[in-house]
Amino acid sequence: MVVPSQRVLLISLLLLLVSTTLVHAKGNKPKAQGGGGGSVDGDDAAAGDNVDETDDTATQGGNKKQLDHGPVTYDARSVIINGKHQLLFSGSIHYPRSPVEMWPDILRKARRGGLNVIQTYVFWNIHEPEKGQWNFEGNYDLVKFIRMIQDNGMYAILRVGPFIQAEWNHGGLPYWLREVPDVIFRSDNAPYKKHMEEYVTKIMKLMKDNKLFSPQGGPIILAQIENEYNAIQLAYRELGDSYVQWAANLAVGQNIGVPWVMCKQVDAPDPVINTCNGRHCGDTFVGPNKPNKPALWTENWTAQYRVFGDPPSQRPAEDIAFSVARFFSKGGSLTNYYMYHGGTNFGRTSAVFTTTRYYDEAPLDEYAFQREPKWSHLKDLHKSINLCKKTLLTGIPGTQRLGPDTEVRFYEKPGTECAAFIANNHTTLEATVNWRGQNYLLPPKSISVLPDCKTVVFNTHHIVSQHNARNFVTSAKQMNWEMHLEPVATVEQVPVNNRELQELYGLLKDKTDYAWYTTSIELGPYDLPMKDTISPVVRIPSLGHAMLVFVNDEYAGSQHGTHADKGFVFEAPVKMKKGTNHISLLCMTVGLPALTICILAMKDSGAYMEHRYAGPRSVTILGLNTGTIDVSANGWGHRAGLNGEKLQVFTEQGAQKVQWTKATGKGRALTWYKTTFDAPPGGDPCAIRMTGMGKGMIWVNGISIGRHWMSFLSPLGQPTQTEYHIPRAFIKPKNLLVVLEEEPSDPKDIEIITVNRDTICSLIGQDYPGHVKYWDRKAGILQHAPGKSLQATALLNCPDYKKISKIEFASYGNPDGSCGALTIGTCNAPESKKVVEDLCLGKMICTVPLDPKLFFKAGDPCPGTKKNLMIQALCSFNTQAYLPRTLQNLETPKHRQNH
């Protein structure tokens, strides 16, 4: 029970949280600012330089400098905005992959992470799902999103496509386009070009009418036409070449006042800029195709998107930082992180076999938490490069080999300014190099940034920013479930309407994932096997993606393809009887194809997508006394959609249209489950953990949060995705939860959970550089903040105004492990935990110096050991002294995901 004094504390805290949330949700729109021509937005605080963000807390507003607006041009060095050369740090954030209520927080964190540009695709199929019917409402409000980017002090890059890939359903192309007579996507094809031109013109007019291009005072500085077309261009021969020319002319003819780009398009026609996509464009990019174009990196993949059946995959922050430093050291001027925040593929929006969670390993995870150390390490990288900005944009470049695997790239204005990047390209060995009379220690595969050619302010391998781990906390489980069986369709409900099996995409028309195929067959007493040990077998080859089979209303089994091979063959023994036997196939898609990959593997490529097909190819019955029977042309009934979808049983009103019974044990395949749950307390993001379930879809208060697929295990024997995001914007005080489950399953172990990153860590080595945040450049001179240590210090910074309530681990010596799983090594200062507790408990932010005298009171017991300091702390709004939601409710470290 909360005593009165505690109640006052709790109410005060809640009022503080509400007021600060409102402050941060309310942007201040910057006014347009003019400027001179041919200059550099230089030393002191260009957009995105993240100056004066010492603490990284939610209370910090960040750099408030207004954006430059005006004409956008380019030269060989960079994009030029209003006459000023720019270094641009961009991040991809897709507006339909997050509720509009989350946009302010996501964009604010992107800005605080040192970005000065946000890149987004435009998604044709959500804006024009039916020809001529446009939708720009809710989280499809493109104009609102672009304006919000500007309100947060950043520029925008608009990737119009219209084919966008993006692991998005059908690559962003609306399904109706597939049924345009004689259409061939992405080719010099008159029907396709007609609709593409109408779409591109519509979007450009929308942006112009709302004055969103930089010359109009808006934030859009670049636009992209097409997407990675070189990957499939050869498939179209000369029609591909002419299509590229036509697309470029279409784009330039829009007269939007900003340059156009084509990514991964080496033959991008002038004046369109060819750009790089990939992980290491500093090494792989062949460069601009004309000497007057800048080197731009439109997709720097921060991880690997996942499909169902994939194991976990991550890309370390050190590798991303190395690749970005390499690119800028070689003359690059824009990098875009794809993705910076991936978000969620709600409903049926994901591409074929793609998970509902999208790029969760990005600097901002699916729930918009800062994934540390990736977010902070990249922020530090941006600061270090911006300290070199003026020199990079105006200096004379030079390169010097220092050893077999070491080199320095520098930019210099003789007698005035100099900036350097010293690189060790060896992947396993550190190196010590001497340059201009000074020694520098370089870890393996790392680059040190020296804004004055003397002082190391950042190293890509040494992470001085904090780490964190994600926690899932159970809010509701063992809920009261009810069930409703989806009727199995037969020819009685779905009469024969075609002699042969219809193609699945054309049957569904992207309105649903599900379609029934029904037929019946008469068998006599001598057709059936005489022995009980022999049963008929149904064999069904399919082009994908998944299928349930029922014979005489009994579930016979299921089968599915994979992302690599959509097709499969279903084979299973079935029970048949004398007389009429009903065969019912529920065939399914798991998203429409969208990928642009090698033309030699065009099953899922962007080439000839209008000729992709799915569904059953034939149906045969084996093991009958009369031999194998092919019923492929037996006459089939076809119906798209389920009865529960038609009645919308996932809504409050629709649920009342069917009979529900108490769910006990494992239900039949193809069953609807329903329950309610209360809104989890607090403000942490919410999710649902689908333990014990198979495959299907989830709705909360009538909103689809996407497909779940727990039964498709990775090679590691685990589901690719277990938790599914329920945005707080979807949640009410009392909530309706409906699950469509395709496989025999029991919902008893489903949990509603909240998500936090309250476990924070610092992992610092004695040879790490001091924090770059304490460096600045004033009047062209690199300066260090007075009173701040030049040596590395452990920094702990709780999120969301929380305070450090517990030190879970601390060791000065040679500890090992990662955040959430740290271990003491052979060398350890016994006083480590007490030292950190004295400095940090009860504080929102604390620093711990790597001072041996602080930890070894009686001398160093292991003098030959290189010392590290590793700390793990827990943050909360309260200590155990005064609030009822205590730390005991949080998961133990073994349940944390070390992300």
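A charge sits over a ring if NZ of Lys or CZ of Arg is within 6 Å of the ring centre and within 35 degrees of the ring normal. Take Arg 97. Its charged end sits over the ring of Tyr 358, 3.7 Å from the centre. Arg 436 lies over the face of Phe 410, 5.2 Å from the ring centre.

Some ground rules. This is a predicted model: local features need pLDDT of at least 70, side-chain atom pairs count only at pLDDT 80 or more, and totals for chains, interfaces and linings use all residues. Residues are numbered from 1 along each chain as its sequence is written, and side-chain values use heavy atoms, with hydrogens and water left out.

Next, aromatics. Rings of Phe, Tyr and Trp (its six-membered ring) pair if their centres lie within 6.5 Å; planes under 30 degrees apart count as stacked, over 60 as edge-to-face, the rest as tilted. The whole structure has 32 aromatic pairs. In one of them, the ring centres of Tyr 229 and Tyr 243 are 5.0 Å apart and the planes stand at 55 degrees, so this pair is tilted. Buried or exposed? Buried means under 20% relative accessible area, exposed over 50%, partly exposed in between (1.4 Å probe, protein chains only). Tyr 229 is buried at 2%. Tyr 243 is buried at 1%.

Last, a sheet. Strands are DSSP runs (E, at least two residues), numbered from the N terminus. Two strands pair if DSSP finds at least two bridges between them. Six strands form an open, antiparallel sheet, ordered S22-S31-S23-S28-S25-S26. Its edge strands are S22 (496-498) and S26 (554-560). Six bridges join S25 (residues 546-551) to S26.

Technical notes: Helices (H or I, at least four residues) and strands (E, at least two) are DSSP runs, numbered from the N terminus.
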